[in-house]
Amino acid sequence: MKCLVSLLRYGLFGGEEPEGLPADDGGWSVLFDLARRQAVSALVYDAILKLPAGLRPPRKVLFRFLSMAQTVEADNRRREKALADFAALCGESVGVPLTVVKGSSLARRYEEPLHRECGDNDLLTGADTERIAALVESAGIDVDRKDPRHITFAFKSVTFECHTCLLYHNDDPLWHRGDNILVPNLYALPAEEEAFFLAKHCEHHAVFFHNPVRLRTLIDWCLLLGSEGFDYDAFDRLKRGTDVEVFADLMTLYCQRLLGAPMRDGLGYLESKQLGANDFERLYMQCPERHPNALVRVVRRSGKYLRFSRQYRVIYGQSMFRRFYLKNLGIAVRQHL
């Protein structure tokens with residue numbers, strides 16, 4: 001992981017020339033597999049091309065990175081074409097402007113937007129969600145409504161999620177329409193609101209699904225908070241009093257240390273709370289793969305909550321046993337009533 005981070009820091013943020021690069025095909029293959037798991041393969045390829053010729057991998061390995069970068073580009077072109085066509089359809093047929101979250105919105109901040117790996121197209125459609133569902137169904141496309149937060153469907157072989165709400169506990173703020181992202185009828189959230197959603201999204205998946213925060217998300221965070229005109233005061237007001245108030249700043253501190261991306265000052269208060277970048281790594285990056293046995297999962301999770309109980313209390317103002325188990329127990333009871 002250290003070598004992968006060093007390459008990304010070098011390629012994206014002007015870090016020093018990486019040391020300790022793999023010396024043989026086997027080492028480069030390990031790095032290739034790790035980059036795929038972290039969803040940064042094309043970004044690593046870009047970084048490799050910036051290396052002096054003598055530090056680049058053998059031609060065979062470089063071709064693997066090139067092939068993966070081309071695959072990422074092709075997938076993104078197909079996804080973005082479907083997104084543009086769907087935005088045009090919604091504008092022409094029902095007069096509904098679309099707001100894209102994650103995906104294309106974050107990718108536009110990259111030097112090479114097509115090299116930011118994306119999955120489906122996530123849209124904030126709010127009160128217009130059912131109108132869009134009716135439009136999609138009128139075209140003979142099946143709409144999945146199982147999740148109360150969003151509908152899901154495939155348009156031109158690309159998965160779309162249209163969200164009535166973005167957050168998970170009926171605690172959405174009032175979202176606003178930000179910049180047009182070059183495609184007619186398609187907008188992004190203001191950068192500060194997008195950062196709030198991104199923090200909420202990755203914190204939720206790290207805590208409630210025990211999924212480690214990936215390098216792609218950390219790079220998204222660096223580029224978003226480091227974007228021109230980002231209003232830190234507005235962002236601080238938005239997250240104040242929420243469960244990501246401290247989490248977001250701790251992630252920023254970690255990104256600054258890991259990737260060397262200059263993002264913001266004023267995080268000294270974390271040290272006064274005895275929180276550091278290492279705490280973010282231990283709490284949100286070091287998550288074992290989901291075990292098939294529920295009892296094992298409970299034991300692992302409980303052990304972590306006990307080991308880092310002080311840090312969790314500082315971040316959330318309560319123990320993780322109360323925050324996680326009581327909340328999930330309530331959800332389970334409501335589902336079976």
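Q: How many helices and strands does the protein chain have?
A: The model is predicted, so local features require pLDDT of at least 70 and side-chain atom pairs count only at pLDDT 80 or more, while totals for chains, interfaces and linings use all residues. Residues are numbered from 1 along each chain as its sequence is written, and side-chain values use heavy atoms, with hydrogens and water left out. Helices (H or I, at least four residues) and strands (E, at least two) are DSSP runs numbered from the N terminus. On this basis the protein chain has 15 helices and 5 strands.

Q: What percentage of the 337 residues is buried?
A: Buried means under 20% relative accessible area, exposed means over 50%, and partly exposed lies in between (1.4 Å probe, protein chains only). The protein chain exposes about 16600 Å², of which carbon and sulfur atoms supply 51%; these areas come from the Shrake-Rupley method with a 1.4 Å probe, and for residues only the protein chains shown count as cover. The buried share of the 337 residues is 49%.

Q: In what order do the 5 strands of the open sheet stand?
A: Two strands pair if DSSP finds at least two bridges between them. Strand 1 (residues 98-101) pairs with strand 5 in the parallel sense over 3 bridges, and with strand 2 in the antiparallel sense over 3 bridges. Strand 2 also pairs with strand 4 (residues 158-163), in the parallel sense over 4 bridges. The pairing is mixed, and the order is 3-4-2-1-5.

Q: Why is one side of strand 3 and of strand 5 left without a neighbour in the sheet?
A: Strands of a sheet pair through backbone hydrogen bonds, either parallel or antiparallel. Strand 3 (150-155) and strand 5 (186-188) lack a neighbour on one side because each stands at an edge with a single partner strand.

Q: Which residue in strand 2 is the bridge partner of valine 100?
A: In strand 5, valine 100 has alanine 188 as its bridge partner. Within strand 2 (residues 121-124), Asn121 and Leu123 on one side and Asp122 and Leu124 on the other are all buried. The residue that stands opposite cysteine 162 of strand 4 is leucine 123, and the partner of valine 100 in strand 2 is likewise leucine 123.

Q: At roughly what angle do the axes of helix 1 and helix 10 cross?
A: Axes are lines fitted to C-alpha atoms, for helices over the stretch in contact, and angles run from 0 to 180 degrees between N-to-C directions. Val5, Arg9 and Phe13 in helix 1 meet Arg257, Leu258 and Leu259 in helix 10, where contact means heavy atoms within 4.5 Å. The axes of helix 1 (residues 2-13) and helix 10 (residues 245-259) come within 9 Å and cross at roughly 95°.

Q: Is threonine 252 buried or exposed?
A: Threonine 252 is found in helix 10. Leaving aside neighbours within four places in sequence, threonine 252 is in contact with Trp221, Leu225, Met263, Arg264 and Leu267. At 0% relative accessibility, threonine 252 counts as buried.
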